[in-house]
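Hi everyone, thanks for coming. I'd like to walk you through a structure today, so please have a look at it on the screen.

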Amino acid sequence: MAAVLDSVRAFFAPVTFTIDVENPSDVVARETLLDRVMGPDRRKKSSEMIRRNRLPAEGLALVARDRDGHVIGTVRLWNVEAGINYEGTPLDALLLGPLAIDGKHGGKGIGSALMRAAILEAKKRGHGAILLVGDADYYERFGFFAEKARHLVMPGPFERSRFLALELVEGWLGGAAGMIVPSGRMLAGAPVRKAA
């Protein structure tokens with residue numbers, strides 16, 4: 001019922017934000033927002049292991065800004081390999097997260113707008129699937145379901161029922177099995193691990 005009320009409120013609320021591509025000057029505001037919304041343990045999550053020392057996928061770091069240009073929401077997508085397919089070939093995909101909205105701006109549809117913009121941009125850029133760890137009740141409205149990720153695993157602990165996927169290309173994850181590993185660009189100056 002709360003989700004329905006939030007949707008109704010968002011529908012009738014005046015638009016007080018814009019969605020934009022994140023730029024370098026947004027880093028401090030984004031990190032402060034994530035710390036405030038997700039708490040200090042956010043860096044211990046399995047998803048963070050995949051994101052550590054990596055850059056988001058090209059063009060897929062988005063922010064919501066209020067009328068004054070302040071960052072009030074963020075979402076980023078990351079290049080990963082989603083296990084392997086039937087032929088044993090690594091399967092390219094995206095990992096979404098984190099999605100965070102400033103609590104003072106909740107119920108305005110900002111999270112939904114960021115999700116829709118991220119999904120649309122990922123599709124326009126030719127990506128085949130998006131994975132995430134999150135609340136199924138929230139993300140199912142965007143087409144994310146646990147069934148699509150059933151043969152994939154995250155590094156470290158994760159809740160199976162919260163590991164969800166959306167195929168941007170039908171059948172993209174068909175036969176996908178294995179571990180999610182990072183495949184995106186490294187941050188400049190990030191330590192590189194050599195194979196043993």
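This is a predicted model: local features need pLDDT of at least 70, side-chain atom pairs count only at pLDDT 80 or more; totals for chains, interfaces and linings use all residues.

The chain holds five helices and nine strands. Reading from the N terminus, the order is α-β-α-α-β-β-β-β-α-β-α-β-β-β. Of the 196 residues in the chain, 42% are buried. If you take the contacts between residues at least 6 apart in sequence, 69% of them join residues at least 24 apart.

Now to the inside. In soluble globular proteins, nonpolar side chains tend to be buried together. Here, the largest nonpolar core has 27 residues, and L114, M115, I119, I130, Y139 and F144 are those with the most contacts inside it. Which elements give two or more residues to this core? They are the strands β2, β3, β4, β6 and β8, together with the helices α4 and α5. Helix α4, residues 110–124, gives the most, with six residues.

Next, please find strand β4, residues 90–96. Is β4 largely enclosed or open, and why? Five of its seven residues are buried, so β4 is largely enclosed by the rest of the structure. One of its partners is β3: the two strands pair in the antiparallel sense over six bridges, and L77 has L96 in β4 as its bridge partner. Together β3 and β4 form a hairpin with five residues between them, and in the turn G88 has a positive phi of about 85 degrees. β4 also pairs with β6, this time in the parallel sense over two bridges, and L94 stands opposite I130 in β6. You have met I130 already, as one of the residues with the most contacts inside the largest core.

Let's turn to helix α2, residues 27–38. At 1.5 Å a residue, its twelve residues should span 16 Å, and the end C-alpha atoms are 16 Å apart, which agrees. Which residues of α2 are buried? They are R30, L33 and L34. These three cover an arc of only 100 degrees around the axis, which puts them on the same side of α2. The cover over the buried residues of α2 includes β3 and β5. The face turned away from that buried side carries V28 and R36, which are exposed. Just after α2, G39 takes a positive phi of about 85 degrees.

Last, two backbone details. Most residues other than glycine have a negative phi, and most peptide bonds are trans. N53 has a positive phi of about 65 degrees although it is not a glycine. You'll find N53 in the loop between α3 and β2, where it is partly exposed, with a relative accessible area of 28%. The second detail is the peptide bond from G97 to P98, which is cis, with omega near -10 degrees. P98 has its place in the loop between β4 and β5.

Methods
Residues are numbered from 1 along each chain as its sequence is written. Side-chain values use heavy atoms; hydrogens and water are left out. A nonpolar core is a set of buried Ala, Val, Leu, Ile, Met, Phe, Trp, Tyr and Cys residues joined through side-chain atoms within 4.5 Å. Buried means under 20% relative accessible area, exposed over 50%, partly exposed in between (1.4 Å probe, protein chains only). Helices (H or I, at least four residues) and strands (E, at least two) are DSSP runs, numbered from the N terminus. Two strands pair if DSSP finds at least two bridges between them. Contact means heavy atoms within 4.5 Å. The expected span of a helix is 1.5 Å times one less than its number of residues. The arc is that of the directions from the helix axis to the C-beta atoms.
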